[in-house]
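Have the model open while you read.

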Amino acid sequence: MKAVVLLCCCCCFLFQCFADTNQTAELLVDASQSSGRLISPTLFGIFFEEINHAGAGGLWAELVSNRGFEAGGPNTPSNIDPWSIIGNESSLLVSTDRSSCFERNKVALQMEVLCDSQGANICPPGGVGIYNPGFWGMNVEKGKTYSVILYVRSSGAINVSVSLTSSNGLQTLAADNIIASVSEVSNWTKFKVLLEAKGTNPSSRLQLTTTTKGLIWFDQVSVMPLDTYKGHGFRKDLVDMLADLKPQFIRFPGGCFVEGEWLRNAFRWKETIGPWEERPGHFGDVWMYWTDDGLGYFEFLQLAEDLGTRPIWVFNNGISHNDQVDTSNVLPFVQEALDGIEFARGDSDSTWGSLRAAMGHPEPFDLRYVAVGNEDCGKKNYRGNYLKFYSAIKRAYPDIQIISNCDGSSQPLDHPADLYDFHVYTSASNMFSMAHRFDRAPRKGPKAFVSEYAVTGKDAGAGSLLAALAEAGFLIGLEKNSDVVEMASYAPLFVNANNKRWNPDAIVFNSSQLYGTPSYWVQCFFSESSGATIFNATLQTNSSTSLLASAISWKSAEDQNTYLRIKIVNFGSNIVNLRIRVDGLGPNFVGLSGSNKTVLTSKNVMDENSFGHTEPEST
């Protein structure tokens, strides 16, 4: 059998303050069969945390913020932010009460319209009502259709205008009317309106207005574009960025989001499934914002399936940042985790599997990995709690791989685990030096899951070239140590440019735009590494210690050809004249059919990408 080899040199260089030192180096790649070692098939993936409005106002395509009026808390009257009033006190009074038909989210909005279409107090021509600007503006695009769903109750007949407008309400992009008799809306009634946009505006808002006097209640108001990723509610352009990474797993939903500052605000999966209208939502008290939990446990599993990757579910183990459940009382949390696994994997006639089937997915999801907590190893009750989870899960699901929060890279764990979690946030120089971190890690026992890594602090800015180069060196080290490192993912994945709770991040977006930081593009260089063959690659240099390199080969699923990719990182400040020699290709290879060089660089190591300026140079 013959194969075509394409030499892909993915080179990362620094072009800053070069000294004319005439440094030279030679990279010797032994591409013989005896040199090759298989890289872990799951080595590189992604980690999603609800931080920076990554999901609410980001990956989840819902355009309405605080759609159920619950963000202000369960007591009424309450804050309805970011909803605002169209009109004044002589024409309209708006408040909240607990009259909703949904038992788990009782707050609804009451609108008392004081003006009318005739008489002494005539409504303004555009009517009075409420509007929602979404998450820093709704992106409405000409020709696209938007599904508006809302629940309405009224003391009389209604004529409500449902419209998508510009941010000041002066430009109408799409509109329709809900007209109903008193008998049709005397009880809560669900209405659905499809709006086709006649114009484009990335800062749009939803308006609900009327010129009819009376009492109207609204609840669970949603606007979703019909054009979502595979029709499952995910924002297409953001998921496309994820798909380009070819992730072998997705870890979700956190992170600290799983823990909460207090357990009462932790992510609890049972509160995030079922019809979206019935989900109570919760306040994420670590990152300090409300989520309606439209992006719930089911949706994360669906996203993993849509990406063709493996889900890794991180669940709370009875520990938050500030309180924790004693091991003697943790069994209800253990049962909650078992129920969650049954929801994902159980037969469609099982207790929790039937709920999944009712949501439209009768076949089980492919859940093979779970993580017991997040960054909880040093906390008082972690080991005791962990062992309760471990024994119960292994008893019921012996094939599930269980991930411990405790680091096993320096010394063996004192408890059973299939994988151990390893997090590193550090400076650029430290990250680059950590390319050798796992060279001396134990070769027996649980393997490492580097589930969070990133250069942070002044070296990183909001996503610098310097940070990306250091991370590239670190990832080369993980490739070479994939016999003990099974998985790795960058963190955080997303940031809404209007809500930067953490810097840096891999993908930056707003309502209509997005770009990858240099760290994202470095990950693209490693998108073919999982399951590839890594060869011995030796650098011979007269002085530089700032170079790292690796060489892999893989068979393309697109054209069935075999390719060779060489990655080189120059973390120094000097130009290095590099010569590459590849030996040992063997008689089965036709030879070099061509080459492609991709360079990630800039004039200054602290340069960052921005909207409209993002991709590496390819030649």
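This is a predicted model: local features need pLDDT of at least 70, side-chain atom pairs count only at pLDDT 80 or more; totals for chains, interfaces and linings use all residues.

Searching the whole structure turns up five cavities of 30 Å³ or more.

**Largest cavity**
- This cavity holds about 100 Å³ of space.
- Its lining has 13 residues, and those nearest the centre are Phe44, Gly45, Leu245, Ala488 and Gln523.
- The top contributor to that lining is strand β24 (residues 485-490), which supplies three residues.
- By class, you get nine nonpolar and four polar residues in the lining, with no charged ones.

**Second largest cavity**
- Here the volume comes to about 80 Å³.
- Among the lining residues are Val258, Arg268, Trp269, Trp313, Phe333 and Glu336.
- Two elements, β19 (310-315) and α5 (331-345), each give two or more residues to this lining.

**The β25-β26-β27 sheet**
- Three strands make up this open sheet, ordered β25-β26-β27, with mixed pairing.
- At the edges sit β25 (494-496) and β27 (514-516), each pairing on one side only.
- From one strand to the next, the twist averages 20 degrees.
- Strand β26 (residues 507-509) runs antiparallel to β27, and three bridges join the two.
- Helix α2 (residues 236-244) lies across β25, β26 and β27, at about 15 degrees to β27.

Note on methods. Residues are numbered from 1 along each chain as its sequence is written. Side-chain values use heavy atoms; hydrogens and water are left out. On a 1 Å grid over the protein atoms alone, a cavity is a set of points where a 1.4 Å probe fits but cannot get out, and a pocket is an open set with protein on both sides within 12 Å along at least five of seven lines; lining residues have an atom within 4 Å of a point. Grid points are joined across faces, edges and corners, and a volume is the space filled by probe spheres set on the points. Helices (H or I, at least four residues) and strands (E, at least two) are DSSP runs, numbered from the N terminus. Ala, Val, Leu, Ile, Met, Phe, Trp, Tyr, Cys and Pro count as nonpolar, Asp, Glu, Lys and Arg as charged, and the others, Gly among them, as polar. Two strands pair if DSSP finds at least two bridges between them. Axes are lines fitted to C-alpha atoms, for helices over the stretch in contact, and angles run from 0 to 180 degrees between N-to-C directions. Contact means heavy atoms within 4.5 Å.
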